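I opened the file today and kept notes on what I looked up. The entries follow in the order in which I made them.

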Amino acid sequence: MLSLANKRILLGVTGGIAAYKSAEIIRRLQDAGATIQVVMTRAATEFITPLTLQALSGNPVHLELLDTEAEAAMGHIQLSRWADAVLIAPASADFIAKLATGQGDDLLSTLCLACRSPLAIAPAMNQGMWRNSATQANLERLRGRGVHIFGPTEGSQACGDIGPGRMSEPEDLAELTADLFETGSLAGKKVVITAGPTREAIDPVRYISNHSSGKMGYALAEAAAEAGAETVLISGPVNLIAPDRVRIIPITSAQEMYQAALKEADGCQLFIASAAVADYRPVQIAEQKIKKDTEQLTIELVKNPDIVSAVAALPKRPFTVGFAAETANLENYARGKLERKNLDLVIANDVSDRTIGFNSDDNEVLVVELKGSETIPKINKSILARQLIAKIAEMISND
Ligand code: C5P
């Protein structure tokens, strides 16, 4: 269950006797490396206490839609943006009906409406309720909207009946939740991603660099690996842990990144340049530390090679994606870059907004291709990365 490592799972608990198993679900998801936040409906609290789930998840349990404290901290919109996936277990017949009709009269149903991450439900109910055509019609509607339905299984029920409607076991639900991230959309493809800043040495102790955190590139590498790609991440110096299943090539300068990129891009199917490459480097690197004994110091700079343009100019070029960090005229500049650098896609963001882009956990981007553009509204970088990888995988398969 590698794909649950560092994932943020929102566990929704609705009213049913199987709610006692939610405690175990939290444990199984945590064993696989996930962080859990719990949202309970009022009925769920009749079956298991919020305190139990709070103690196990290590986070406050969310109960109310209109809670002034919660709204200031983790209201329904923040929770929906926070979650990499939402798992509702157990999902009662009543809650399934509510989801199917798109109601939003409590915290859990409202955040399901707002959420753009995968949503899965683990139904749990009496076999008669499960077989009822109203329940089956609701499930059909949800399936049609892309909601994942985990289980139920058959067996003896709390009410004494035997039949379908038992919630799937916590272990199986954790496995199925992990599978949500394993899309396979890039299976058999090699993907090369550049990330982070570069450092251009001035002397043995000083360098020119920038504020890139590398978060977007690392999130893209994780999403590409989960989509089944052989993934290579050429990374400048950052404070991030390498995602599982990703081969990291650490580099320092733009020239090192250039060499590694051209070597790895040869024969790859997708190249994503998310690195903030220093545009210039000092013409000469001083052998000794430069002393501050002059009032003025001039450092002569020379332009670095444009890595993404060089990859896009390869005879057998991969699908090539660039980034554009801008402070104005987003679409115009992004389109200019698309054409000038001969790219297939440019992902542009406004770095003058401090809540997105450099160093932040969230991002909002404009995806620009030759035939049009599309905004992906503000969302955490790992969810955005999966949406971008899904879009790119579709473009590659239609190529
Ligand atoms: O030209 P500009 O730096 O604005 O373009 C940004 C895009 O080009 C990013 O995708 C960045 O990774 C890439 N780039 C590059 N090599 C450079 C400069 C930028 O690959 N020397």
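Predicted model: local features only at pLDDT ≥ 70, side-chain atom pairs only at ≥ 80, totals over all residues.

For helix packing I took axes as lines fitted to C-alpha atoms, for helices over the stretch in contact, with angles from 0 to 180 degrees between N-to-C directions. Helices (H or I, at least four residues) and strands (E, at least two) are DSSP runs, numbered from the N terminus.

Residues are numbered from 1 along each chain as its sequence is written, and side-chain values use heavy atoms, with hydrogens and water left out.

**Entry 1: a helix pair.** I looked up α1 (residues 22–31) against α2 (residues 50–57): the angle is about 10 degrees and the axes are 10 Å apart. Ser22, Ala23, Ile26, Arg27 and Gln30 of α1 make the contact with Leu53, Leu56 and Ser57 of α2, where contact means heavy atoms within 4.5 Å. I sorted these residues into 4 nonpolar, 3 polar and 1 charged. Here Ala, Val, Leu, Ile, Met, Phe, Trp, Tyr, Cys and Pro count as nonpolar, Asp, Glu, Lys and Arg as charged, and the others, Gly among them, as polar.

**Entry 2: the cores.** A nonpolar core is a set of buried Ala, Val, Leu, Ile, Met, Phe, Trp, Tyr and Cys residues joined through side-chain atoms within 4.5 Å. Buried means under 20% relative accessible area, exposed over 50%, and partly exposed in between (1.4 Å probe, protein chains only). The largest core has 35 residues, and Leu186 and Leu270 have the most contacts inside it. Among the elements giving two or more residues to this core are β8 (190–195), α10 (215–226) and β13 (270–273). Helix α14 gives the most, 9 residues. Beyond its neighbours within four places in sequence, Leu186 touches, among others, Val191, Ala224, Leu270, Ile389 and Ile396. I also found a second, separate core of 33 residues, which includes Leu4, Leu11, Ala89 and Ala174.

**Entry 3: backbone checks.** Ala89 is joined to Pro90 by a cis peptide bond, with omega about 0 degrees; Pro90 is in strand β3 (residues 85–91). The bond from Gly151 to Pro152 is cis as well, with omega near 5 degrees, and Pro152 lies in the loop between β5 (148–149) and β6 (153–156). Asn329, not a glycine, has a positive phi of about 45 degrees. Asn329 sits in the loop between β16 and α13 (330–340) and is partly exposed at 48% relative accessible area. For Asn342, phi is near 60 degrees. Asn342 is in the loop between α13 and β17 and is partly exposed, at 43%.

**Entry 4: the sheet.** I traced an open sheet of 8 strands in the order β12-β11-β8-β13-β16-β17-β18-β19, with mixed pairing. Two strands pair if DSSP finds at least two bridges between them. Strands β12 (246–250) and β19 are at the edges with a single partner each, so one side of each has no neighbour in the sheet. The twist averages 20 degrees from one strand to the next. Strands β16 and β17 run parallel and are joined by 6 bridges; Ala324 has Ala348 of β17 as its bridge partner. Helix α13 packs on the sheet, touching β16, β17, β18 and β19, and its direction makes about 150 degrees with that of β17.
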